[in-house]
Amino acid sequence: MILLKTKEEIELIRDAALLLGKTLAEVGRHIRPGVTTAFLDQIGEQFIRDNGAKPLCKGFEGFPSAFCISVNDVVVHGIPGEVFIQEGDNVSLDCVIELNGYVADSAYTFPVGEVSPEMQRLMKVTKEALYIGLDKCKAGNRVGDIGHAVQVHCEKNGYSVVRELCGHGVGFKMHESPNVPNYGVPGTGPLLKEGMVIAVEPMVCMGSKNVKFSKEDGWTCRTRDGKPAAHFEHTVAITADGPDILTTFDFIENNK
């Protein structure tokens, strides 16, 4: 069942979303060669708790950390640990927080120092695809309109989108209906209605769309061909006036 939110509830989700934007920026300030992903997770969890919120990834179906931190060929769900970040890497931070009972979800892929032109282009196109998808988040459209817009932009630039994972409803819980794939057919799927809140999150591969999941931890999702991937995500409300993007990258990008 798709759970609609009132305007007041959307404002409370926005509070969580703004804190999440600040959280990603705070962790992003510490991304540099030589630090471990475990260190970044520790910084982020402390910041979340110090601001009165809860990191919902931690403990979710056994996931051990506050953040999913995915480096290079890890598409999503990287478990923080003794992975040392290196110059030229790309590092995706994905986090879900709950503040005063309301939930927001966001992700951002950071370049580490000087990255290759190919990596820069992958991140640029993935972020563009996010906003192209968000532009379809209007009452009267359907979920397939979002996925189709993301897919077309990525594929015309020579990239592929992951099929096994997708965006989703959010706000009261981490994962709600509907699922929001990054591919699709226009005019198909659930109808977008005023009051819906969803997470749109292109997961884009430089090479093949095929992925594999770690047999050791059950979480880490990598590209099968070992080529890099990128991931950007916003929480957005469907309103009578169009998409209302609740999370923000401003705190990250104004720090650059």
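Reader: Thanks! Is Lys5 buried or exposed?
Author: Lys5 counts as buried, at 6% relative accessibility. Here buried means under 20% relative accessible area, exposed means over 50%, and partly exposed is in between, using a 1.4 Å probe and protein chains only. Before we go on, this is a predicted model, where local features need pLDDT of at least 70 and side-chain atom pairs count only at pLDDT 80 or more, while totals for chains, interfaces and linings use all residues. Residues are numbered from 1 along each chain as its sequence is written, and side-chain values use heavy atoms, with hydrogens and water left out.

Reader: Got it. What does Lys5 form a salt bridge with?
Author: Its partner is Glu176, and the closest N and O atoms are 2.6 Å apart. A salt bridge is a side-chain nitrogen of Lys or Arg within 4 Å of a carboxyl oxygen of Asp or Glu. Lys5 lies in the segment before helix H1 (7–28) and Glu176 in strand S8 (residues 176–180), so the pair ties together parts that are 171 residues apart in sequence. Glu176 is buried too, with a relative accessible area of 8%.

Reader: And what do you mean by helix and strand?
Author: Both are DSSP runs numbered from the N terminus: helices are H or I with at least four residues, and strands are E with at least two.

Reader: Why can side chains pair like that?
Author: Side chains of opposite charge can pair when their charged atoms come close.

Reader: How many salt bridges are there in the whole structure?
Author: A search finds twelve. One of them joins Lys127 and Glu253, with the closest N and O atoms 2.3 Å apart. Lys127 sits in helix H3 (residues 117–134) and Glu253 in helix H5 (residues 250–253), so this pair links parts that are 126 residues apart in sequence. Lys127 is partly exposed at 22% relative accessibility, and Glu253 is partly exposed at 27%.

Reader: Which residues are joined into one network?
Author: Glu11, Arg14 and Asp244, through salt bridges that share partners.

Reader: New topic! Where does Asn157 lie?
Author: Asn157 is in the loop between helix H4 (143–156) and strand S6 (160–161). A polar atom of its side chain lies 2.8 Å from the backbone oxygen of His153.

Reader: And which residues is Asn157 in contact with, leaving aside neighbours within four places in sequence?
Author: Those are Arg121 and Val125, where contact means heavy atoms within 4.5 Å.

Key
Polar contact = N/O pair within 3.5 Å; in protein donor to acceptor, adjacent residues only side chain to side chain.
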